[in-house]
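Hi there,

Here is the structure I said I would pass on. Have a look at it first, and then read my notes below.

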Amino acid sequence: MNDPINLLDYEAHARQVLPQSWFEYFAAGSGAEITVRENCTAFDSLRLRPHVLVPVGQRDQSITLFGRKQATPFIIAPMAFQKLAHPDGECVTARASTQAGATFVASTVATCSIEEIADAAPGPKWFQLYVFKDRGVTRLLVERAEAAGYEAIQVTVDVPVMGRREADVRNCFSLPEGFSAKNLESAGHGSMNSDRVESGPSLYTKYLFDVDLSWNEISWLCSITKLPVLLKGILRGDDASRAIDHGAAGIVVSNHGGRQLDTALPTIRALPEVVDAVAGRGIVIHDGGIRRGIDVIKALALGAAAVHVGRPVIWGLAVAGEAGVTRVLNLLRDELDNVMALCGTPTVKHITRDLIA
Ligand SMILES: Cc1cc2nc3c(=O)[nH]c(=O)nc-3n(C[C@H](O)[C@H](O)[C@H](O)COP(=O)(O)O)c2cc1C
């Protein structure tokens, strides 16, 4: 295979190097995987209205999130079990994120602990929280993230139960021997075994996560931390507005990369409604389907303050470790730089909604 020249090439390379069931765990969506596909194709159907005769010799894609400036508008989406892609897992991804001027989001069920990741990577980091039925476990995770210097909490709100990911059911996917959800070891919840009817992650969710999570818990979470709280997994303006009313500082427009409710709206179609409903009362982040710089400019044009980069980061990690993640992020940065020049938008502030036809 030739060297990868874009993020899609990295997926093809990762397929070659990962065991099939692990590749499928990373790639899978729920049901017929319609949302997985549409998260990407919905970007392709948007057309751009570029400006001309704007001097674009000096280009700058930096942004500021919660008072912290970063060189790119990229946030590494929280993704579980990164040690399946590389022996040093999340620590490697977080280091590459720091290097590339992005923010790293650590998953609750990461295979490296909150503290190990903080020690590995000095750059900006946020923590993604799954709310456990056991509020003591939940609170301790938030306290550990705060103590380790994480700068925001993303509460995932689209997993009352796990979507039926057929690849994982077929593969009886479990977290293999020697791997664990590191943050939960001390609570006795490190392992995730399949019972051959349901995958390990699906059973784990069923027994441990709070299926009755409601707006009350959002107010509670906002009350136990000084950090900004974002809700991840919102697709509707009314829910976004309610989130802000309950104390959220931001929204991540997400359908979990098509891994939860199949045929849920592709996120780029949901984004404008959420941006309008939030109306500047918090930040809005786009999540899902980012594969090219051209996707990034469209999400920024429709009002996202930043974009999550998901699966392509895993592919880079599997193919070439830290260098692979760095290259994925740098390719995306260079593609965005190219389209910013072609659109006559030298800075992120120039990227406005009228860029979209
Ligand atoms: C392998 C994998 C693991 C994930 N783990 C989590 C997780 O632990 N918590 C979470 O909120 N989202 C998780 N997600 C969802 C991502 O944060 C994000 O919403 C999704 O990957 C975006 O879609 P894309 O990768 O196609 O761009 C995971 C996604 C993948 C692919």
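**Cysteines, and what else turned up**

The structure holds 0 disulfides, a disulfide being a pair of cysteine sulfur atoms within 2.5 Å. The sulfur of C91 has its closest cysteine sulfur in C112, 3.7 Å away, which is too far for a bond. C91 counts as buried because its relative accessibility is 13%; buried means under 20% relative accessible area, exposed over 50% and partly exposed in between, with a 1.4 Å probe and protein chains only.

Before you go further, please note that this is a predicted model, in which local features need pLDDT of at least 70 and side-chain atom pairs count only at pLDDT 80 or more, while totals for chains, interfaces and linings use all residues. Residues are numbered from 1 along each chain as its sequence is written, and side-chain values use heavy atoms, with hydrogens and water left out.

**The barrel**

In the order β3-β4-β5-β6-β7-β8-β9-β10, 8 strands close into a barrel with parallel pairing. From one strand to the next, the twist averages 25 degrees. Helices (H or I, at least four residues) and strands (E, at least two) are DSSP runs, numbered from the N terminus, and two strands pair if DSSP finds at least two bridges between them.

Two of the pairings are worth a look. Strand β6 (residues 153-156) runs parallel to strand β7 (residues 229-234), and 4 bridges join them. There, T156 stands opposite K232 in β7. Helix α11 (residues 267-278) packs on the sheet, where it touches β7, β8 (250-253) and β9 (283-287), and its direction makes about 175 degrees with that of β9. For such angles, axes are lines fitted to C-alpha atoms (for helices over the stretch in contact), and the angles run from 0 to 180 degrees between N-to-C directions.

β8 and β9 also pair in the parallel sense, over 4 bridges, and V284 in β9 is the bridge partner of I251. How many residues of β9 are buried? The count is 5 of its 5.

Helix α1 (residues 7-17) packs against helix α13 (residues 311-343) at an angle of about 175 degrees, with 10 Å between their axes. That makes α1 roughly antiparallel to α13; angles under 35 degrees count as roughly parallel, over 145 as roughly antiparallel, 65 to 115 as roughly perpendicular and the rest as oblique. Residues of α1 that meet α13 include L7, Y10 and V17, and their counterparts in α13 include W315, V319 and L332.

**Loops**

L84 is found in the loop between β3 (74-76) and α4 (89-100), yet it counts as buried, at 4% relative accessibility. Apart from neighbours within four places in sequence, L84 is in contact (heavy atoms within 4.5 Å) with L18, W22, Y25, F26, F173, P176 and F179.

Most residues other than glycine have a negative phi. C172, which is not a glycine, has a positive phi of about 45 degrees, and C172 lies in the loop between α7 (166-170) and α8 (200-208). A279, also not a glycine, has a positive phi of about 50 degrees. A279 sits in the loop between α11 and β9 and counts as exposed, with 55% relative accessibility.

Best wishes
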